[in-house]
Amino acid sequence: MFNYIVRRLLQMVLILFAISAITFFLFWATPANPALLICGKDCNTERIAEVNASYGFDDPLIVQYGRYMSGLVNPGGRELGSEGSQEHCSWPCLDRSLQNGLQVTDSIADAIGPTFWLATGAAVLWLVSGVLLGLLAALRKGKWLDKLSVGLALFGVSFPTLVLGYLLVFVFIVKGGLLPYPDQANSSPSAGLVPFFQFYILPWVTLALVNAALYTRLTRANMIDTMNEDFIRTARAKGLGERQVVFKHGLRAALTPIVTIFGLDLGALLGGAVITERIFSIQGLGKLSIDSVLGNDLPVVMGVVLVAAFFVVFANIVVDVLYAFIDPRVRLS
Amino acid sequence: MSTTASTEPVQPSGARDASAFLEVRDLHVRFPTDDGLVRAVNGLSFSLQPGETLGIVGESGSGKSVTSLAIMGLHKGSRAQVEGEIWLDGDELVSMRVEEMRRLRGNKVSMIFQDPLSAMHPFYKIGDQLVEAYLVHNDVSKAVAKKRAVDMLDRVGIPSPASRYHDYPHQFSGGMRQRAMIAMALMCDPRLLIADEPTTALDVTVQAQILDLMNDLQKEFNSAIIIITHDLGVVAQMAQKLVVMYGGRVVEAGDVRDIFYRPEHPYAWGLLGSIPRITGGGDRLKSIKGSPPSLINLPTGCPFHPRCDFRDKVPGDACVTDVPELLQIGGTPHAARCHIPSPERQRLFTEQIKPAL
C-alpha cells in the first residue's frame with residue numbers, strides 16, 4: 001500500500017512536469033506577445049527590445065522554460081527580475097504576473113480559499129441532495145416520487161449554469177433583496193457564519209444543480225441494479241428488516257461507484273469554477289485563470305494550470321486508495 | 001380459487017395433513033408484466049415431514065425457484081400475486097403478516113442459494129455476515145454470536161475457522177463459499193432448509209462433499225430439506241421424495257425410487273433419458289424435443305402436449321383440451337398427471353423407454 005502511494009505520487013510529479021511543458025510551449029505557439037502588453041501605450045521598437053531583454057523573452061524557449069522551472073525544482077526558490085525590481089521568490093516559485101507584478105504563488109494562495117469553499121460547499125450540496133433523491137426514487141421506482149425526481153434531474157441537467165446563476169442573482173438579490181450583494185470580505189468563514197453562508201448559498205446552488213441532477217440519476221440506477229442483486233435476496237432471506245437491507249446492504253454497494261466519480265468531480269472543481277465565480281464575483285482560481293488567459297499573462301496561466309492539474313491528479317490518487325478501503329476485492333499493488 | 005387444480009385426488013381439498021411439517025396446498029404464483037400475466041406456479045401441492053428430504057426437479061422456468069421464494073415469503077412486497085396455502089408447523093405463511101414472516105425467515109426456515117459468490121455481500125467479512133444472521137433472531141451479545149459463527153464454520157468443515165472468519169467472500173474458493181453459505185443458513189438451527197440448486201455452481205468433487213455435508217447436518221438437526229435442482233443425480237443422493245414440475249405444476253410425484261425405476265410421465269421419461277451414463281456407449285444423449293413452455297401463454301390442456309411423443313396413445317383431443325389430473329397409482333403415494341392410463345404407461349415404459357436408458 002505504502003509503495004503504491006509513493007509510486008503514484010512520483011507519477012503525479014511526472015505528469016505535472018509534462019503539463020507544465022505543454023502549457024509553456026503552447027502559449028508561445030500562439031500569436032501572444034507579452035512584451036507588447038508590458039510596453040504599454042507609447043511603445044516603440046526600442047522599448048520592446050528593452051522589455052524583451054529585461055524579461056528574457058529573447059532567450060530560446062528552452063532556456064526560458066528552464067528558468068521558469070528552476071523556481072519549482074530548486075528548494076531555495078529563485079531570484080526574480082533585473083536591476084530595480086529584484087526580489088526573492090521562495091519555493092514553490094511560479095514567477096511574477098506580467099500584469100500586476102505580484103508573485104503568482106501569492107495570488108494563487110489568495111484565490112484558493114474562495115474556490116475551496118465554493119467547490120466543497122457545492123459538492124456537499126449535490127452529493128447529499130443527489131444521493132437522497134436518487135435513493136428515494138429507486139425505492140419508489142415507478143411511483144410519482146420516482147417520476148418527479150427523474151423529471152427534476154432532467155430539468156437540472158438541461159438548465160445552463162449561466163442562466164441559472166443570473167436568474168438567482170436577479171430573483172434573490174436584485175429584485176427580492178433577500179440576500180446582500182456579494183462582498184469579498186465574506187468569502188471565508190472567519191467573516192462570521194451568517195455572512196459566509198449568505199455569500200455562498202447562491203453560488204453553491206448554481207454550481208451544484210447540474211451535478212445534483214447527474215448524481216440523482218446515477219444513484220437511482222445503481223440502487224435499482226443493486227437491489228436486484230443476489231446478496232440483497234440473501235439479506236432478506238436472513239430475516240433482516242427492510243431498513244437494514246436497504247441501507248447496510250443496498251446503499252453500501254450502490255454508493256461505491258459514486259465515491260469514485262465524486263472524488264474526480266470535486267478534484268476538477270477545485271481548479272476553479274469559471275462561470276460561477278464570474279457571475280457571483282468570487283475572487284477564486286476560475287476568475288484568476290480567465291483573467292490571465294485574456295491578459296496573455298503567461299506566469300499566471302502556468303500557475304493556475306499547474307494547480308488545477310495537481311488537484312485532478314491528486315484526486316485520482318485519493319479515489320484509488322479510498323476504493324481499496326471501500327471494496328475489499330480491490331487490492332492495490 | 002380455480003377449480004381445475006384444487007380437486008386433485010392426491011391432496012384432497014378438505015382436511016389438512018395434520019402430521020405434515022410443511023404442507024403446500026394449491027399454490028399459485030403469478031407475476032403481472034408488460035407482456036402479460038406470467039403464471040409461474042399453477043396449483044402446486046406437496047407436503048413434507050421433519051427429517052425428510054424432498055427433491056423438486058424440472059427445467060428452467062418450471063416454477064421451482066418461485067416456489068421456494070414463496071415458502072420463504074420473499075414475494076411479499078413485490079408485484080407477485082401469491083394464492084393458496086403454505087402451512088409450516090401450524091402457521092399459514094401466505095396470509096402471514098410481513099413482520100411475522102420476517103421473524104421466521106432465516107430462523108425457522110432458511111435458504112441456501114445457487115451461486116454463493118453473488119449471494120454473499122462482497123463488502124462484508126464472511127464471519128460478520130454469519131453473525132448478522134444470528135443477531136437478527138437472537139438477543140445475544142456480539143461475542144456470543146461470533147463464537148457461534150466460528151463454531152458453524154468449523155462444523156461445515158472450513159479449516160482454521162477463527163482466522164477464515166475475517167476473510168471476504170472473494171477470498172474463499174467456490175466450495176468453501178458454499179460451505180460458508182450453508183453455515184450461514186444453519187446459524188439459527190432452521191427446521192426447514194431450502195436449497196436452491198446448491199451445487200450447480202460447483203465442480204463435481206466439491207459437489208459430492210457439499211451433499212454429504214448437508215446429509216450429515218440433516219441427521220444432526222433433524223431438519224426437513226427441500227432441494228431444488230435440475231440434476232437427477234443430486235436428487236438420487238439426497239432425497240426420499242421427489243416432485244417433478246412442468247409449467248408450474250406437479251406432473252409426477254412420489255418416492256424417489258418409484259420415479260427413478262417406474263416413472264410414468266412422458267416428461268419424467270425424457271428427463272431420465274437425458275442423463276449421461278457410463279455404460280451408455282457412444283450414442284448421443286437424448287434430449288426432450290422443443291423448449292419449455294411460455295408461462296404467459298401456457299399450452300391448453302396438458303402443458304406438455306406440444307413436446308410429448310405419446311399423444312397418439314390418447315384417444316381424441318384430450319391432451320389439447322383437458323388438463324389431466326394428478327392421479328395416484330394403485331393406492332401408493334406415487335402419482336402422475338397424464339391422460340394415458342397407468343397400465344398403458346407402465347407397458348410403454350418397460351417396452352420402449354427402459355431398454356434405451
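The model is predicted: local features need pLDDT of at least 70, side-chain atom pairs count only at pLDDT 80 or more, and totals for chains, interfaces and linings use all residues. Residues are numbered from 1 along each chain as its sequence is written, and chains are lettered from A in the order in which they are written.

**Eight-stranded sheet, chain B**
- The open sheet runs β6-β7-β8-β3-β9-β10-β12-β11 with mixed pairing; strands are DSSP E runs of at least two residues, helices H or I runs of at least four, numbered from the N terminus, and two strands pair if DSSP finds at least two bridges between them.
- β6 (109-112) and β11 (326-328) of chain B each have a single partner strand, so one side of each lacks a neighbour in the sheet.
- β3 (residues 53-57) and β9 (residues 241-246) of chain B run parallel and are joined by four bridges; L54(B) has K241(B) as its bridge partner in β9(B).

**Four-stranded sheet, chain B**
- This open sheet has the order β2-β1-β4-β5, with antiparallel pairing.
- β2 (36-48) and β5 (91-92) of chain B are the edge strands, each pairing on one side only.
- Seven bridges link β1 (residues 22-33) and β4 (residues 81-88) of chain B in the antiparallel sense; in β4(B), I86(B) is the bridge partner of V24(B).

**F172(A)**
- F172(A) lies in helix α7 (residues 161-175) of chain A.
- F172(A) counts as partly exposed because its relative accessibility is 31% (buried is under 20% relative accessible area, exposed over 50%, partly exposed in between; 1.4 Å probe, protein chains only).

Notes. Side-chain values use heavy atoms; hydrogens and water are left out.
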